[in-house]
Amino acid sequence: MVADYLWWKHGVIYQIYPRSFRDSNNDGIGDLNGITEKLGYLSDLGIDAIWLSPINPSPDVDFGYDVSDYCDIDPKFGTMKDFECLLDSAHKVGIRVILDLVLNHTSGQHPWFIQSKESRENPFHDWYLWRDGKDGGLPNNWQSWFGGKGWEYDGQLRKYYYHTFYKEQPDLNWRNADVRRAMLDVFDYWLKKGVDGFRLDV
């Protein structure tokens, strides 16, 4: 036994990609109930925790890493009741549950971004990285990690927003204190449900 054992540091964490792990209702997509059904198998492996790839609602431009609601479950995976059942059942067999939390960006369909691009005066506008063009072109030469320019033009606002990844994944402005508070509320929401930890994406 490791001295001062910490499950998140010394334990065995089993990553689960929910949509391909186990399909409990035969719709072709793995789901939360499928994971619950396999907890006995996972327990027999002797693992300390399961880490779930994103299960939040998403348009799936980037397989769930474009979140449109941080405090709900994507219907393709089940319901919040299904998640709560999984969480409770996992804890009963000594398995902790870690959620993937995407902090860098949201989906372009997230209500925050939809409001952000309504007008330059909208309180949510500064929640994202909006910039005016420079000399008739892009704000600067920043690139997307997925290739090509990192700036996308919005004709209504006549401004550009930055996206480190796909254009459908606008970056959040972490310099904005309201963004930081909103994300802390997301952590708090899931912790109150009993989630044991988070894997912070990008």
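The model is predicted.

**Stop 1: strand β6**

Select residues 159-162, which form strand β6. Check each face here. Lys159 and Tyr161 lie on one side of β6, and Tyr160 and Tyr162 on the other. All four are buried, so both faces of the strand are covered, with buried meaning under 20% relative accessible area.

**Stop 2: the partners of β6**

Pick Trp151: its bridge partner in β6 is Tyr162. Now follow the hairpin between β5 and β6, where four residues separate the strands. Stop at Arg158, which has a positive phi near 60°.

Next, show residues 130-131, strand β4. β4 is antiparallel to β6 and joined to it by two bridges. Look across from Arg131 to find Tyr160 of β6.

**Stop 3: the largest nonpolar core**

Which residues touch the most other members of this core? Select Ile50, Leu52, Phe83 and Trp112: they do, in a set of 41 residues. Then colour the elements that each supply at least two core residues: α3 (32-37), α4 (39-44), β2 (49-52), α5 (80-92), β3 (96-102), α6 (111-116) and α7 (177-193). α7 contributes the most, with six residues.

**Stop 4: Ile50**

Centre on Ile50 and hide its neighbours within four places in sequence. The remaining contacts of Ile50 are Tyr14, Ile16, Ile35, Leu42, Ile95, Arg96, Val97 and Ile98.

Notes
Residues numbered from 1 in each chain as written. Predicted model: local features only at pLDDT ≥ 70, side-chain atom pairs only at ≥ 80, totals over all residues. Heavy atoms only, no water. Buried < 20%, exposed > 50% of the residue type's maximum accessible area, 1.4 Å probe, protein only. Pairing = 2+ DSSP bridges. Core = buried A, V, L, I, M, F, W, Y, C linked by side-chain atoms within 4.5 Å. Contact = heavy atoms within 4.5 Å.
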